[in-house]
Number of protein chains: 4
Amino acid sequence: MIIVMRPDATKEEVKHVVKKVEEVGLKAVLLEGTERKVVAVIGDERKISYDMWNVTPGVEKAVPILAPYKMASRELKNTPTAVPLDKGRATIGGKKIGVIAGPCAVENKKQLISIAKKVKEAGAVALRGGAYKPRTNPYSFQGLREEGLEYLAEAREATGLPVVTEVLSPEQVVLVCKYADILQIGTRNMANFLLLKAVGECKKPVILKRGMAATLEEFLLAAEYILTHGNPNVILCERGIRTFEDHTRFTLSLSVVPRLKELTHLPIIVDPSHGTGKRSLVNPMSKGAIAVGADGLLIETHSNPEKSMVDGPQTISLEEFERLMKELKPIAEAVGREM
Amino acid sequence: MIIVMRPDATKEEVKHVVKKVEEVGLKAVLLEGTERKVVAVIGDERKISYDMWNVTPGVEKAVPILAPYKMASRELKNTPTAVPLDKGRATIGGKKIGVIAGPCAVENKKQLISIAKKVKEAGAVALRGGAYKPRTNPYSFQGLREEGLEYLAEAREATGLPVVTEVLSPEQVVLVCKYADILQIGTRNMANFLLLKAVGECKKPVILKRGMAATLEEFLLAAEYILTHGNPNVILCERGIRTFEDHTRFTLSLSVVPRLKELTHLPIIVDPSHGTGKRSLVNPMSKGAIAVGADGLLIETHSNPEKSMVDGPQTISLEEFERLMKELKPIAEAVGREM
Amino acid sequence: MIIVMRPDATKEEVKHVVKKVEEVGLKAVLLEGTERKVVAVIGDERKISYDMWNVTPGVEKAVPILAPYKMASRELKNTPTAVPLDKGRATIGGKKIGVIAGPCAVENKKQLISIAKKVKEAGAVALRGGAYKPRTNPYSFQGLREEGLEYLAEAREATGLPVVTEVLSPEQVVLVCKYADILQIGTRNMANFLLLKAVGECKKPVILKRGMAATLEEFLLAAEYILTHGNPNVILCERGIRTFEDHTRFTLSLSVVPRLKELTHLPIIVDPSHGTGKRSLVNPMSKGAIAVGADGLLIETHSNPEKSMVDGPQTISLEEFERLMKELKPIAEAVGREM
Amino acid sequence: MIIVMRPDATKEEVKHVVKKVEEVGLKAVLLEGTERKVVAVIGDERKISYDMWNVTPGVEKAVPILAPYKMASRELKNTPTAVPLDKGRATIGGKKIGVIAGPCAVENKKQLISIAKKVKEAGAVALRGGAYKPRTNPYSFQGLREEGLEYLAEAREATGLPVVTEVLSPEQVVLVCKYADILQIGTRNMANFLLLKAVGECKKPVILKRGMAATLEEFLLAAEYILTHGNPNVILCERGIRTFEDHTRFTLSLSVVPRLKELTHLPIIVDPSHGTGKRSLVNPMSKGAIAVGADGLLIETHSNPEKSMVDGPQTISLEEFERLMKELKPIAEAVGREM
């Protein structure tokens with residue numbers, strides 16, 4: 001950490017800063033510049049709360065040198081992590097691109113199994129479907145809950161596909177784990193730290209969606225919560241951020257994919273359905289995601305998007321999904337991957 | 001709702017739209033413009049999922065006419081709601097400005113009671129203090145938990161001030177209600193719908209902080225969750241939004257205060273501490289908040305901000321708090337309010 | 001246009017609105033809903049200033065049905081426009097992807113000609129280079145000005161590549177046109193309407209960069225300025241928008257590419273250099289841009305990025321550029337294009 | 001400046017960095033931390049391009065210690081600057097709050113003089129009115145141009161009020177200076193560096209509006225352009241930034257006012273009309289601006305806002321303006337200022 005003193009800082013204030021650094025067992029080096037004095041901290045700066053410096057008399061600002069996350073970082077582990085989706089068959093993060101697809105919400109058993117079969121045929125590695133739906137509007141459909149979980153388990157039996165579903169609160173984790181193979185943390189829960197701990201304590205793979213207003217540092221700190229609570233199977237998911245743009249529901253920020261590859265060993269997938277909120281953009285943005293290096297996709301598809309009870313506008317038909325999967329193949333190969 | 005057809009929509013597609021409107025018991029009026037056909041929906045448009053139209057063949061877009069929230073709206077109740085903080089003495093939303101103050105986190109009993117006495121003397125109507133702390137960094141201090149709640153209750157005994165504390169998950173609600181007078185929903189939980197329902201079912205006043213990326217419509221829909229679950233005592237709180245600005249941690253958007261006054265009957269307070277993340281800006285932004293019409297403030301203050309375990313940079317000293325309270329008086333009077 | 005009346009609008013106010021619509025020769029249809037009265041305007045709503053309604057007594061809001069731009073729209077011209085870069089050889093917007101490359105700033109003749117030869121060999125269709133540099137910092141290098149233009153013209157002579165350079169003000173247009181084949185309007189000038197008119201009156205192709213805070217509607221209105229002043233050769237360029245993200249200088253919003261393809265016939269290229277501000281992200285984001293359907297790229301490359309006088313951090317070496325061009329080929333083919 | 005080396009940086013790379021620092025005559029101090037090597041630069045770091053380090057082999061990032069602007073900074077001049085609006089009578093930046101008011105666009109002579117008289121009576125210190133209007137839509141009214149400037153001059157003769165008008169391009173500066181007392185640079189031109197230089201060379205006071213996507217550092221660098229070209233009379237103006245918020249046209253960021261007071265000696269005013277785009281919010285946001293410490297306001301007012309040719313929705317009537325001026329008085333006094 002670099003602690004920059006104010007131009008009018010007194011000698012006593014500088015001494016006080018040096019003393020505080022040394023008190024926690026770190027080394028302080030005082031640099032006397034022409035316009036500012038600066039105290040450089042040598043040692044593991046994570047020992048001191050970074051915030052503290054901003055209220056220490058005479059300090060202008062403190063500049064951290066190290067990222068605040070450790071287990072998620074490339075410095076701890078410099079090879080990509082491939083997260084197994086079920087007993088060792090499919091993974092997210094290996095050479096093969098993993099596409100997870102299914103309806104936004106589980107609506108009924110027959111529909112779900114029929115969709116599951118189709119997405120498997122088209123090449124998906126897992127089935128997604130929401131049993132608990134976090135809806136902005138209290139008057140909207142909130143999901144089938146445990147009944148939905150049961151249908152997901154039956155769809156797995158019928159197809160062999162592992163199933164992904166969202167978990168909304170810490171106390172749901174045990175129940176959802178009974179049925180699902182992979183847990184999903186939604187964008188509105190990325191910073192629900194009790195939930196992060198709870199899924200950390202369970203060992204099932206977790207798809208962690210980026211908060212719609214989260215920086216990459218906050219995103220990786222959320223992953224760190226899960227990792228530090230014992231679960232190494234974290235799959236990051238970019239799903240769009242909130243910006244001033246109004247031609248899409250969110251701005252799908254594809255540059256996070258190659259940037260995360262530099263910062264972390266965790267795999268990263270992209271959700272072009274929520275990330276755009278617009279059906280016609282799912283196909284091109286899926287291609288873009290694979291081209292920039294994503295390890296997989298999370299796509300909403302439905303046999304009849306017009307009748308879909310939730311998020312119809314961003315849901316593609318099963319035919320469109322099948323066509324997309326074919327069109328993705330040459331893109332994946334162009335970047336040295338497989339479908 | 002206004003449903004705008006695509007320029008190339010067929011007669012059958014237009015008919016299909018009209019039929020869908022009539023199926024739910026609403027009236028459809030077809031308007032044939034020079035460049036577009038438009039279907040106007042007459043009746044309570046909230047009966048139809050707005051999203052559905054965007055996937056109906058031939059439809060370009062659907063434009064809602066009515067706000068999706070009802071109980072929170074000025075149309076339902078056109079007089080301001082004053083929320084009682086305890087048995088009828090203090091309220092937020094009446095003529096008197098209500099200032100809630102205290103440390104970010106409860107650290108120990110002695111410190112808390114001493115701060116409580118000081119903020120009461122200075123004119124605060126309630127004491128704030130975090131027992132459960134949602135921290136971005138898993139390596140940071142996470143709060144004293146139930147022990148913190150006990151200290152809050154003791155601080156109330158010692159001063160008579162009602163106490164406010166944050167609740168992080170649905171299953172905490174019962175426990176926190178045992179100790180606290182007012183519950184707080186943090187910005188990262190504004191869209192935690194299970195939590196909103198849980199605090200809706202409890203009857204204690206709720207301070208609902210705006211999500212850092214939430215529009216006013218989403219903010220009022222979150223309030224609607226609490227209202228529809230039986231709790232009318234909702235206090236809205238603006239605490240800063242995420243933008244490109246980097247001179248403050250968040251952008252405190254004061255225009256939401258007068259705009260919310262036009263849209264809702266619920267009271268609205270402002271948190272200048274989190275909203276700026278900078279101690280030197282708390283005083284001016286508090287004044288700005290009162291000047292634009294806020295019903296109250298939520299302020300972090302501590303006997304020794306440099307030693308504050310959480311959020312030191314935005315915490316003002318008790319002396320600064322006392323001075324601020326005095327300086328707010330003429331501003332409040334200038335806008336027809338009282339301190 | 002749809003004019004929504006306030007719930008408390010009087011009969012007189014409604015009549016006044018109807019009268020105002022009819023005064024400009026349009027037809028007004030009054031719809032009496034259960035909660036609101038709405039006046040639908042039939043005819044070319046662009047005849048009335050949309051803003052006016054928001055100050056008309058009794059009006060809650062006015063909702064436009066038509067986009068405010070015409071000449072740029074797909075409705076006027078439903079086939080993609082291919083803009084010729086010079087006398088008919090290369091175009092942007094046809095089947096072939098057009099890559100424009102070169103240094104951020106022209107630094108000296110020898111360097112420029114050497115870079116020009118290399119980018120031509122690698123397959124670029126035009127050479128870029130800044131002679132006038134708009135710099136945020138007044139103490140930074142501001143470009144070689146006319147001398148830089150001369151070197152660009154010499155580089156064209158030496159290689160046959162058409163040259164692109166930025167024009168900063170209306171009075172520069174004539175001079176820059178003397179030397180350059182294609183004019184560039186930078187992000188900070190997208191809404192410099194006098195400049196848009198000036199390049200509209202010249203007939204050379206114009207690369208119009210999106211303003212870093214411009215919506216797609218504002219972007220297309222800026223293009224409309226150029227088109228309405230007589231210049232049909234507009235190439236749109238996405239170059240990143242300003243958001244809260246801090247892992248890149250800007251957020252490169254690739255979803256605008258397929259969305260613009262739906263809204264306009266104009267070609268659209270992407271600038272991954274400015275759009276990320278980070279050299280390591282130029283390769284993957286270029287691939288992403290082609291995969292989502294961009295018609296071309298604008299890339300900064302330099303024989304020695306470390307010595308580049310401007311924007312070094314986002315400049316790739318000539319070797320990296322050559323490799324990128326090869327790697328783009330299979331991506332382009334995967335989406336039905338050619339390099 | 002602090003140059004942080006990558007964990008895998010070689011000894012040669014570190015040496016190379018030290019050499020580059022020393023080559024420009026600065027001192028380099030090498031700090032060997034436990035996880036990173038860091039090179040601290042002692043001396044005036046503005047001598048080296050900050051960007052260069054990001055492309056130097058082995059460097060992870062460079063962290064500037066000093067702000068890049070000098071003449072605008074508090075370090076250069078620690079007392080507030082009061083900018084004289086005309087020959088010494090009124091200033092912006094002194095104890096007295098300066099309110100500048102008038103129509104968005106000059107429409108005709110009679111209207112302008114009548115408004116000028118009213119705003120003067122109400123206490124305004126200057127008259128605003130646009131002669132050249134930068135309009136997003138090419139089909140909108142573009143202003144009366146020189147005719148408008150003449151009317152402004154006549155309004156000054158009739159009332160004694162100095163007049164403010166916007167200048168759109170460098171070549172307009174001489175003409176506009178002939179008529180106007182104060183020049184305005186609009187938000188879309190904040191980074192039009194040729195224009196900044198041109199108004200720098202003229203000596204008339206300049207109201208510099210913040211770019212809608214500009215950070216405070218970029219804003220102050222724009223002011224620095226004007227200052228370094230010889231004009232010390234710069235008045236900063238916050239006019240709203242672009243964010244995801246949709247309840248106002250822009251987000252008026254009032255915290256910049258007290259923050260700018262810490263960073264610069266230049267006066268700062270607020271434009272609540274453009275900053276909100278909503279007439280009903282002009283009154284409360286004006287009060288908020290004064291309460292947070294603004295030196296003045298820039299307000300659109302018109303005798304008949306409904307008939308205003310430009311920006312009607314945000315224009316208040318002359319009666320509302322008069323009332324606002326009265327209501328601002330106690331707020332100004334509460335913060336130690338005068339109206």
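Modeller: Welcome! Buried means under 20% relative accessible area, exposed means over 50%, and partly exposed is in between (1.4 Å probe, protein chains only). This is a predicted model, where local features need pLDDT of at least 70, side-chain atom pairs count only at pLDDT 80 or more, and totals for chains, interfaces and linings use all residues, while side-chain values use heavy atoms, leaving out hydrogens and water. Residues are numbered from 1 along each chain as its sequence is written, and chains are lettered from A and ligands numbered from 1 in the order in which they are written.

Colleague: Thanks! Let me start with that term: is B:Phe193 buried or exposed?

Modeller: Helices (H or I, at least four residues) and strands (E, at least two) are DSSP runs, numbered from the N terminus. B:Phe193 belongs to helix H6 (residues 193–201) of chain B. Its relative accessibility is 7%, so B:Phe193 counts as buried.

Colleague: Now the aromatic rings, please. How many aromatic pairs does the rule count over all chains?

Modeller: A pair of aromatic rings is described by the distance of the centres and the angle of the planes. Rings of Phe, Tyr and Trp (its six-membered ring) pair if their centres lie within 6.5 Å; planes under 30 degrees apart count as stacked, over 60 as edge-to-face and the rest as tilted. Over all chains, the number of aromatic pairs is 4.

Colleague: How many residues apart in sequence are the parts that A:Phe193 and A:Tyr225 tie together?

Modeller: The two rings have their centres 4.7 Å apart and their planes at 25 degrees, so they are stacked. Both A:Phe193 and A:Tyr225 are buried. Since A:Phe193 lies in helix H6 of chain A and A:Tyr225 in helix H7 of chain A, the sequence separation of the tied parts is 32 residues.

Colleague: And what is the angle between the planes of B:Phe193 and B:Tyr225?

Modeller: In this pair, B:Tyr225 is buried, with a relative accessible area of 1%. The rings of B:Phe193 and B:Tyr225 are stacked at 4.7 Å centre to centre, and their planes make an angle of 20 degrees.

Colleague: Let's turn to chains A and B. What area do they bury between them?

Modeller: Contact means heavy atoms within 4.5 Å, and 47 residues of chain A are in contact with 47 residues of chain B. Buried area is the accessible area (1.4 Å probe) that two parts lose on being put together, summed over both. Of this area, 56% is on carbon and sulfur atoms, and the total for chain A and chain B is about 3700 Å².

Colleague: Which residue of chain B forms a salt bridge with A:Glu218?

Modeller: A salt bridge is a side-chain nitrogen of Lys or Arg within 4 Å of a carboxyl oxygen of Asp or Glu. The rule finds 2 of them across the interface of chain A and chain B. With closest N and O atoms 2.5 Å apart, the partner of A:Glu218 is B:Arg242.

Colleague: One more: is A:Lys326 buried or exposed?

Modeller: A:Lys326 and A:Glu322 meet in a salt bridge, at 3.7 Å from N to O. They are 4 residues apart in helix H11 (residues 318–334) of chain A, so about one helical turn separates them. A:Glu322 is partly exposed at 38% relative accessibility, while A:Lys326, with a relative accessible area of 58%, is exposed.
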